[in-house]
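Please work through the following exercises with the sequence and the coordinates at hand. Each task is followed by a worked solution.

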Amino acid sequence: QVQLVESGGGLVRPGGSLRLSCAASGDIRSSIIRAWYRQAPGKEREFVAHITLGNSKKYADSVKGRFTISRNVSQNTFTLEMNNLKPEDTAVYYCNVRRNFESDLWGQGTQVTVSS
């Protein structure tokens with residue numbers, strides 16, 4: 001079964017940058033949507049960004065202009081580049097893949113902490 005693994009989280013200062021990666025252990029080239037979500041303590045999991053099979057991108061208003069989602073289809077990976085990070089961005093970040101006729105795939109999450 002295909003597994004997703006996030007990497008790249010860590011502790012950064014406000015205004016700093018991080019690049020998160022999601023690696024799949026199998027073929028996700030035909031995925032309908034590749035997405036990032038996040039969940040802060042005490043809050044519901046929320047949408048951050050996605051990229052479609054047709055390469056259309058969408059961002060939550062809270063991250064628009066600061067975050068960029070991209071993909072490397074041949075390597076079965078996709079990335080979230082985060083710039084100008086704010087304390088409000090502190091959360092566990094999860095990658096997600098939606099495919100035809102299959103349940104969603106989720107990674108285990110990677111912690112991002114933005115603090116001075």
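The exercises below treat a disulfide, a sheet and a group of aromatic rings.

The structure is a predicted model, in which local features need pLDDT of at least 70 and side-chain atom pairs count only at pLDDT 80 or more, whereas totals for chains, interfaces and linings use all residues. Residues are numbered from 1 along each chain as its sequence is written, and side-chain values use heavy atoms, with hydrogens and water left out.

**Exercise 1.** Determine which cysteines the disulfide joins, and assign its handedness.

*Solution.* Step 1: apply the criterion for a disulfide, a pair of cysteine sulfur atoms within 2.5 Å. A search of the whole structure returns one disulfide. Step 2: identify the partners, which are Cys22 and Cys95, with an S to S distance of 2.1 Å. Cys22 belongs to strand E3 (residues 18-24) and Cys95 to strand E9 (residues 91-98), so that distant parts of the chain, 73 residues apart, are linked; strands are DSSP runs (E, at least two residues), numbered from the N terminus. Step 3: inspect the torsion about the S-S bond, which is about 60°; the disulfide is therefore right-handed. Step 4: classify the accessibility, where buried means under 20% relative accessible area, exposed over 50%, and partly exposed in between (1.4 Å probe, protein chains only). Cys22 is buried at 1%, and Cys95 is buried at 0%.

**Exercise 2.** Characterise the aromatic pair of Tyr37 and Phe47, and locate the rings over which Arg45 lies.

*Solution.* Step 1: rings of Phe, Tyr and Trp (its six-membered ring) pair if their centres lie within 6.5 Å; planes under 30 degrees apart are stacked, over 60 edge-to-face, and the rest tilted. The structure holds three aromatic pairs. Between Tyr37 and Phe47 the centres are 5.8 Å apart and the planes form an angle of 80°, an edge-to-face arrangement. Step 2: Tyr37 lies in strand E4 (residues 33-39) and Phe47 in strand E5 (residues 46-52), so the pair ties together parts 10 residues apart in sequence. Step 3: Tyr37 is partly exposed at 22%, as is Phe47 at 24%. Step 4: Tyr37, Phe47 and Trp106 form one aromatic cluster. Step 5: a charge sits over a ring if NZ of Lys or CZ of Arg is within 6 Å of the ring centre and within 35 degrees of the ring normal. Arg45 lies over the face of Tyr94 at 3.8 Å from the ring centre, and over that of Trp106 at 4.8 Å.

Note on methods: Helix = DSSP H or I, 4+ residues; strand = E, 2+ residues; numbered from the N terminus.
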